Amino acid sequence: MSLRRQFSSFVLVGVIATAAHYLVLIGLKELAHWSVIPATLSGYCVGGTISYILTRRHVFDSDRSHTEAGWRFATVASVGFFLTWGLMRLFVVAWGAPYLPAQVVTTGLVMFWSFAANRYWTFRAHAAG
């Protein structure tokens, strides 16, 4: 699959996972009255689970086992989790930005990190040797 097609597939999967993330975020923030940081991180976990399932199946053609790809994906997602925490803390807590626009910017930044890390590390084919 070409890089362009792979990235567009990744973006489509990301839209689906992000929709789930935002539904959890907004539901916990607005309906359950959670503070924004735990709400967004809970949404990140839900979106991450959906992302792994769809990314593995529809974006990357990998010969890595679920065990190996799974821990790698979890590592990339963990870094993304802390990037999300740090960026949301910066935008919302430190700078006083509204949480939804801050989440949109954060999602875009973390998406580029996730695509590169998953393409070149998580799902990369084993080197012939």
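**Helices side by side**

Q: At what angle do helix 1 (residues 3-31) and helix 2 pack, and how far apart are their axes?
A: The angle is about 155°, and the axes are 7 Å apart. Axes are lines fitted to C-alpha atoms, for helices over the stretch in contact, and angles run from 0 to 180 degrees between N-to-C directions. Helices are DSSP runs of H or I with at least four residues, numbered from the N terminus. This is a predicted model, where local features need pLDDT of at least 70, side-chain atom pairs count only at pLDDT 80 or more, and totals for chains, interfaces and linings use all residues. Residues are numbered from 1 along each chain as its sequence is written, and side-chain values use heavy atoms, with hydrogens and water left out.

Q: Why are helix 1 and helix 2 called roughly antiparallel?
A: Angles under 35 degrees count as roughly parallel, over 145 as roughly antiparallel, 65 to 115 as roughly perpendicular and the rest as oblique. Helix 1 and helix 2 pack at about 155°. They are therefore roughly antiparallel to each other.

Q: Which hand does the crossing of helix 1 and helix 2 have?
A: The crossing is right-handed. The rule looks at how the near helix is turned from the far one, by less than a right angle: anticlockwise is left-handed, clockwise is right-handed.

Q: What classes of residue make the contact of helix 1 with helix 2?
A: There are 14 nonpolar, nine polar and one charged. Ala, Val, Leu, Ile, Met, Phe, Trp, Tyr, Cys and Pro count as nonpolar, Asp, Glu, Lys and Arg as charged, and the others, Gly among them, as polar.

Q: How do you know how helix 2 runs relative to helix 3?
A: The axes of helix 2 (residues 36-58) and helix 3 (residues 66-94) come within 10 Å and cross at roughly 150°. That makes helix 2 roughly antiparallel to helix 3. Their crossing is right-handed.

Q: Which residues make the contact of helix 2 and helix 3?
A: Contact means heavy atoms within 4.5 Å. Helix 2 gives residues including Val36, Tyr44, Gly48 and Tyr52. Among those from helix 3 are Ala69, Phe73, Gly80 and Trp85. By class, the contact has 13 nonpolar, seven polar and two charged residues.

Q: What makes helix 3 and helix 4 roughly antiparallel?
A: Helix 3 and helix 4 pack at about 155°, with their axes 9 Å apart. They are therefore roughly antiparallel to each other. Helix 3 passes helix 4 in a right-handed crossing. Their contact has 18 nonpolar, eight polar and one charged residues.

**Rings**

Q: How many aromatic pairs does the rule give?
A: The count comes to 13. Rings of Phe, Tyr and Trp (its six-membered ring) pair if their centres lie within 6.5 Å; planes under 30 degrees apart count as stacked, over 60 as edge-to-face and the rest as tilted.

Q: Why is the pair of Tyr52 and Phe123 called stacked?
A: The ring centres are 6.2 Å apart and the planes lie at 25°, so the pair is stacked. Tyr52 is in helix 2, and Phe123 is in the segment after helix 4 (99-122), 71 residues apart.

Q: Are Tyr52 and Phe123 buried or exposed?
A: Buried means under 20% relative accessible area, exposed over 50%, partly exposed in between (1.4 Å probe, protein chains only). Tyr52, at 16%, counts as buried. Phe123, at 2%, also counts as buried.

Q: What makes the pair of Phe91 and Trp95 tilted?
A: Centre to centre they are 5.6 Å apart, with 45° between the planes. Phe91 is buried at 12%. Trp95 is exposed at 59%.

**Single residues**

Q: How do you know that Thr55 is buried?
A: Thr55 has 0% relative accessibility, so it counts as buried. Thr55 is found in helix 2. Leaving aside neighbours within four places in sequence, Thr55 is in contact with Phe10, Val13, Phe60 and Phe123.

Q: Why is His33 called exposed?
A: His33 has a relative accessible area of 65%, so it is exposed. His33 lies in the loop between helix 1 and helix 2. Its phi is near 60°, a positive value in a residue other than glycine.

Methods:
Helix = DSSP H or I, 4+ residues; strand = E, 2+ residues; numbered from the N terminus.
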